[in-house]
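The following exercises concern one protein chain. Please work through each task before reading its solution.

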Amino acid sequence: MAIQMSSLLFSSVTVFFFFFSSLEKTFAFQATIEDAESNNLHLVHLNSLLPSSSCSSSTKDSRRKGSLEVVHKYGPCSQQNDGDRKVTHSDILNVDKERVKYIHSRISKELGGGDSLKELDSATLPAKSGSLIGSGNYFVVVGLGTPKKDLSLIFDTGSDLTWTQCRPCARSCYDQQDPIFDPSKSSSYSNITCTSTLCTQLSSATGNNPGCSAVSKACIYGIQYGDQSFSVGYFSRERLTVTPTDVIDSFLFGCGQNNQGLFGGSAGLIGLGRHPISFVQQTASKYGKIFSYCLPSTSSSTGHLTFGRATSRHLLYTPFSTISRSSSFYGLDIASIAVSGAKLSLTPALFSTGGAIIDSGTVITRLPPTAYAALRSAFRQGMSKYPSAAELSILDTCYDLSANKVISIPKVNFVFSGSVTVELQPQGILYVASAKQVCLAFAANGDDSDITIFGNVQQRTLEVVYDLGGGKIGFGAGGCK
């Protein structure tokens with residue numbers, strides 16, 4: 001009995017100390033959180049920044065009409081591939097650099113001054129063999145044709161034309177995960193003629209004047225991207241199935257017969273720009289020129305792309321700014337940036353000199369060099385306790401965080417026109433290649449007069465709402481939950 005009592009007493013004491021120790025750790029962690037908040041720091045578990053080997057699906061908006069699941073094309077939620085080639089972080093960032101050059105070039109000149117396309121002429125739009133398209137990292141699945149065939153399309157707010165590869169692939173088709181769309185097996189497919197006024201719209205949408213088939217008189221489109229990947233084919237009409245209950249008849253799209261470049265295994269692209277042939281404008285009567293998305297926190301989780309009015313009540317709206325030399329991109333007015341609660345010392349005219357856009361296809365936000373230098377300096381000061389790591393492509397401020405389970409990082413806030421303050425989440429501040437190489441996810445433009453681009457890393461986990469009819473864009477926290 002004495003032994004049993006002693007054992008019971010020992011067990012009770014053990015449980016008490018275990019409980020007390022756990023309680024003490026909880027209070028200590030809570031105190032650390034409060035201390036981080038008071039110092040305008042994010043306290044985050046390092047593992048939450050790293051992608052998992054398995055897919056974690058979000059349920060937000062999954063039952064809502066007009067909503068599609070968003071997947072990162074290089075994560076475990078994707079079944080896409082680039083053949084046997086492994087895509088590295090350097091690959092992604094180097095392609096991002098080419099996309100930014102393309103955007104700067106496109107905005108700096110009037111569109112529509114390109115050469116006229118000859119019938120499926122591959123020489124018109126040269127490609128770099130084996131290069132990755134600089135058109136975005138996220139895709140959705142939609143249905144095309146009658147009967148419908150499901151296709152995985154990259155969505156891109158910086159592009160207007162929606163297109164997919166089509167049989168018979170008269171010149172060239174790259175490898176894609178889905179079966180290539182065959183228009184001859186669809187009862188709702190038709191070509192646009194080159195005498196149609198719809199054909200002439202391609203000049204401003206693609207930057208290339210349309211061509212005309214000598215035999216069928218069909219309108220021929222051609223579009224080239226930042227890395228010189230391209231698609232050329234017939235401008236057509238087809239039935240587009242967004243969801244089982246949302247079907248768009250006579251949707252204008254490109255049926256690609258000559259496509260080169262590695263597109264992450266996707267079947268093509270869905271253009272969400274501002275041009276009249278974009279998806280947003282073509283579906284205006286159904287969705288009211290409103291769409292929203294949430295980009296997932298890591299490549300192993302999912303987000304959503306939703307068409308129609310946003311249901312979230314916790315949104316802050318700022319007006320679109322005017323990008324006078326382009327009808328496609330969505331402009332923003334950036335008023336200021338704060339790091340750890342301290343506003344950076346920047347002249348008010350800095351961001352207005354070159355202007356700013358938001359873009360789902362650009363990975364890393366590009367800032368005027370003056371602004372980037374100030375942000376980097378403040379961020380480095382707040383990260384001084386962590387050992388530095390090697391630079392990663394365009395990212396020059398990196399850290400080795402492998403010795404830490406929990407890290408604290410300076411908060412970064414963007415203030416847009418109308419005093420709209422958007423607090424970036426840790427996943428929107430850092431680009432994580434590995435625990436040994438975690439980098440500040442911003443880069444400098446070549447000059448202060450270059451356009452600022454608010455990229456997709458910074459948009460992670462945010463609800464981003466584009467209201468074209470209202471002339472405004474909204475931001476809300478926790479968009480993927």
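**Exercise 1.** Locate D156 and determine whether the residue is buried or exposed.

*Solution.* Step 1: D156 lies in strand β4, which covers residues 149–156; strands (E, at least two residues) and helices (H or I, at least four) are DSSP runs numbered from the N terminus. Step 2: the relative accessible area of D156 is 0%. Step 3: buried means under 20% relative accessible area, exposed over 50%, and partly exposed in between, with a 1.4 Å probe and protein chains only. D156 is therefore buried.

The model is predicted, so local features need pLDDT of at least 70 and side-chain atom pairs count only at pLDDT 80 or more, while totals for chains, interfaces and linings use all residues. Residues are numbered from 1 along each chain as its sequence is written, and side-chain values use heavy atoms, with hydrogens and water left out.

**Exercise 2.** State which residues UniProt lists for "active site" and how they are arranged in space.

*Solution.* Step 1: the unreviewed UniProt entry lists D156 and D359 under this feature; UniProt positions follow the numbering used here, feature names are shortened, and annotations may be inferred rather than shown by experiment. Step 2: the two are spread over 204 residues of sequence, yet they cluster in space, with a largest C-alpha distance of 7.6 Å.

**Exercise 3.** Describe the surroundings of D359 and identify a side-chain partner of D156.

*Solution.* Step 1: D359 sits in the loop between β18 (356–358) and β19 (365–367). Step 2: D359 is buried because its relative accessibility is 0%. Step 3: leaving aside residues up to four places away in sequence, D359 touches several residues, among them R99, D156, T157 and N456; contact means heavy atoms within 4.5 Å. Step 4: the side chains of D156 and R99 are joined by a polar contact of 2.8 Å. Such a contact is a pair of N or O atoms within 3.5 Å; within protein, one must be able to donate a hydrogen and the other to accept it, and residues adjacent in sequence count only if both atoms are side-chain atoms.

**Exercise 4.** Find where the cis peptide bond between T146 and P147 occurs.

*Solution.* Step 1: the bond joining T146 and P147 is cis, with omega about -5 degrees. Step 2: P147 is placed in the loop between β3 (138–144) and β4.

**Exercise 5.** Classify S419 by backbone angle and accessibility.

*Solution.* Step 1: S419 is not a glycine, yet its phi is positive, about 60 degrees. Step 2: S419 counts as exposed because its relative accessibility is 65%.
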